[in-house]
Amino acid sequence: MKTNKFLYIDKIIALEKQLEFSDNRLIIMEELARLYYKAGEYVRSVDCFKKLDTDENRLSFVNYEIYATALTRIDDIDGAAEIILKNRHLKTESPDFLCDLAIIESIRGDRKESANYISQAVELFGNHPSVMITKAETAYFLGRPEEGRELFLKFFNCVTPEEVNRLVIIVARFCVSVNCNEDARLFLQKSEYVRNHRYYFELATVAISLKLYSKALVYLEHYLKEEPENSYAFFLQGLCISNLGSRNDEALESFQKSVSLAPYNYVFNYFLSLEYIMMQKYDVASKILEKIFTEDLFTRDEDYAYALGMSLFLSGEHKNSLECFKKASQIFPHNNEIMKGYIKIMGILDEKPADIITLYDTLISNSHGRSDLLDIDFGEIIEWMESSDCYKSITQNYDEAIRDGKKLLKEKRLLASLKQFFCAKKISPKSIAPTYYIAKISYTLNSLNTAYSYIELAYKEDNRNFYILYLYYKIMHMKLLPIPKFLQQNLIESGEKEGVIALKESEWEEAYRVYTRLFDISRNPKYFYYYLEALNQLGETKQLQSEIVENLEHIDFSAFPQIKETIMEFTRIEAE
C-alpha cells in the first residue's frame with residue numbers, strides 16, 4: 001500500500017458520500033480535487049478541477065497550480081501550460097507563475113524556454129526563494145542532477161537553521177518524486193537543528209519514503225514527547241518497527257495504540273491486521289478486517305480486498321475467501337496478486353469455472369506476456385486443457401478454429417488461443433498447423449516438455465518448414481539438448497529461401513520475422529543488415545536505432561566491412 005494513498009483514503013470516501021447529498025458541492029469537490037492529488041489519483045483530481053473551473057467559479061492560483069501539476073502527472077504537458085498561462089494574472093506579485101512555466105518547459109525537455117522563464121523571474125524578483133528552488137528543480141528535470149544538487153546546497157547556506165528544516169522537507173520530497181533518493185538522503189542530513197517539534201513529524205514521513213526507518217523512529221520519538229495523543233505518529237512508529245523486522249511485539253503495540261486513539265480508522269486497523277497475519281493469528285486478523293468492512297472500502301482499495309481474502313483463507317474460511325477473491329478479481333482485474341490468490345484458492349477447492357482460462361489470460365496480459373514471472377506451472381494447466389475436453393463445444397469447423405486461434409494469439413490471449421488450436425487438432429489430428437501453434441504457445445508459457453512433444457510431431461510431418469525448424473531449435477536450446485548440425489543447417493537454408501522471397505516481393509514484415517530469427521541463431525551481420533532494412537522500410541525508426549545501439553558492438557564485422565558502412569549510412573550514425 002502506498003503511503004500517499006493510505007493517508008487520505010478515509011477522508012476521500014467520507015467526502016464522496018457527502019458529495020451526493022450536500023448543498024455545498026463546490027466546496028466539497030474542491031477539497032476532493034486536492035485530496036485526489038495528494039493520494040496520487042491524478043486522473044480523478046483533473047476531472048474534479050475541470051468541473052470546478054468554469055466562468056462562474058474561478059479557482060485560486062494555488063488550485064490552478066495543483067491542477068496544472070496533476071496534468072503533468074498524466075503527461076498532459078500542453079494542458080498544464082495552458083492552465084498556468086490562462087491564469088498568470090492571479091499571481092503578478094510573485095514569481096510563481098513564471099517558475100511553474102519554467103518547470104513545465106523543463107519537463108517538456110525545452111532547456112532554452114525553461115531558462116527564458118527563469119531569467120524573467122530573476123529579472124523581476126531577484127533571488128526570491130521560489131526562483132532559487134525552481135532553478136534547481138529544472139536542472140533535475142533536464143537531466144542535470146549534479147547542477148540541481150549544487151544549487152540546492154548553495155541555497156541551504158543562505159537561510160537560517162530553522163528555515164533549513166522547512167527547506168529540507170520540500171527539497172527531499174522533490175528528490176524522492178524524481179527518483180533521486182541519494183540526494184534526498186544527503187539533504188535530510190541537513191536537518192540537525194530542529195526547534196519546532198512539528199518538523200519532526202514531516203521529517204519522519206520523508207525518512208520513511210526513503211526507507212530510513214531507524215532515522216524516522218528517532219524523529220517520531222522526539223515528536224511523540226510533545227504530541228503523545230497523535231494516533232498517526234503511533235501508526236508510523238509501528239510501520240517503521242515492522243519494516244525493521246523481528247520486533248513484532250513492539251510493532252503490534254504501536255499499531256494497537258494508534259487504533260485505541262482512532263478505533264475506526266481503516267488504515268490503522270488494516271496494518272494492525274497485517275501484523276497479526278505476520279504473527280500467524282489469522283482469525284484475529286480477519287475479524288479486524290471484517291470490523292472495518294464497507295462496500296466503498298472494498299471496491300476502492302485493492303490492498304484491503306487482497307488482505308481480507310488472504311486472512312479469511314489463512315484462518316480456514318475457504319469458501320468466504322473464494323467469494324471475496326472472486327468479487328475482488330472482477331473489480332481489480334489488473335491486480336496480479338488478487339488474480340493469483342483467486343486462482344490458487346480455486347485450485348485448493350478443486351473448482352474450475354468456465355472463465356478460468358480468461359483469468360489466466362488476464363494474469364499473463366498483466367505481466368506483459370512474461371509468464372515466467374508468475375510462479376505458475378502452466379504445464380499442469382495445458383495438460384488439464386488437453387485432457388478435459390474443455391474445447392469440445394467451440395466449433396466443428398477446422399478453418400474457423402485456426403482462424404480464431406490466430407486472432408486470439410495476436411491479442412495475446414494465449415490460453416484462449418490454445419483452446420482453439422486443441423479444438424482444431426481434435427477435428428484434424430494430422431494437421432501440422434495446430435500442432436505447431438500448440439508447441440509455440442507452450443514454449444511461450446515455459447512449458448517446455450509439452451512444447452517439445454508437439455514440435456517433434458510437427459517436425460516429423462514437415463522438416464523443411466522454417467518456423468517449425470526455428471521453434472524446434474529454440475526449444476532444444478532451452479532444454480539444454482544437443483542440437484544436431486543438420487537441424488541448424490536446414491534451418492539456415494530454409495530461412496534464406498524464405499528471406500529472399502520476402503525481399504524480392506517487398507514483404508517487409510515477413511522479411512523482418514525471418515531475418516530476426518536467422519540473426520538470433522547465427523549472429524551473422526548479413527542477417528542483421530536485412531532485418532534493419534526491413535525495419536527501415538516499415539518506418540520503424542525508433543526500433544531501428546534501438547537495435548543498432550543494442551547489437552552493433554557485439555557483432556563481428558571483420559568479414560563484412562561494407563555491411564557496417566551501409567548500416568551507418570542509412571541510420572545516420574557515425575562509427576566510433
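The model is predicted, with pLDDT of at least 70 required for local features and 80 or more for side-chain atom pairs, while totals for chains, interfaces and linings use all residues. Residues are numbered from 1 along each chain as its sequence is written, and side-chain values use heavy atoms, without hydrogens or water.

**Exercise 1**

Determine how helix 22 is directed relative to helix 23, and list the residues that meet.

*Solution.* 
Step 1. Locate helix 22 at residues 336–348 and helix 23 at residues 356–366; helices are DSSP runs of H or I, at least four residues.
Step 2. Their axes (lines fitted to C-alpha atoms over the stretch in contact) come within 10 Å. The crossing angle is roughly 150 degrees, on a scale from 0 to 180 between N-to-C directions.
Step 3. Helix 22 is therefore roughly antiparallel (over 145 degrees) to helix 23.
Step 4. On the helix 22 side, the residues in contact (heavy atoms within 4.5 Å) are Asn336, Met339, Lys340, Tyr342, Ile343 and Met346. They meet Ile356, Leu359, Tyr360, Thr362, Leu363 and Asn366 of helix 23.
Step 5. Sorted by class, this contact holds eight nonpolar, three polar and one charged residues. Asp, Glu, Lys and Arg count as charged, Ala, Val, Leu, Ile, Met, Phe, Trp, Tyr, Cys and Pro as nonpolar, and the others as polar.

**Exercise 2**

Describe the packing of helix 14 against helix 15, and count the charged residues in the contact.

*Solution.* 
Step 1. Helix 14 covers residues 213–226 and helix 15 covers residues 231–244. The axes lie 9 Å apart, and the packing angle is about 155 degrees.
Step 2. That angle makes helix 14 roughly antiparallel to helix 15.
Step 3. Helix 14 passes helix 15 with left-handed geometry.
Step 4. Helix 14 contributes Tyr213, Ser214, Ala216, Leu217, Leu220, Tyr223 and Leu224 to the contact. From helix 15 come Ala233, Phe234, Leu236, Gln237, Cys240, Ile241, Asn243 and Leu244.
Step 5. The contact has no charged residues; 12 are nonpolar and three are polar.

**Exercise 3**

Characterise the contact between helix 29 and helix 31 by angle, handedness and residue class.

*Solution.* 
Step 1. Find helix 29 at 466–478 and helix 31 at 508–522.
Step 2. The two pack at about 35 degrees, and 11 Å separates their axes.
Step 3. Helix 29 and helix 31 form a left-handed crossing.
Step 4. Phe466, Tyr467, Tyr470, Tyr473 and Lys474 belong to helix 29.
Step 5. Seven nonpolar and five charged residues make up the contact, with no polar ones.

Terms used:
Angles under 35 degrees count as roughly parallel, over 145 as roughly antiparallel, 65 to 115 as roughly perpendicular and the rest as oblique. A crossing is left-handed if the near helix is turned anticlockwise from the far one by less than a right angle, and right-handed if clockwise.
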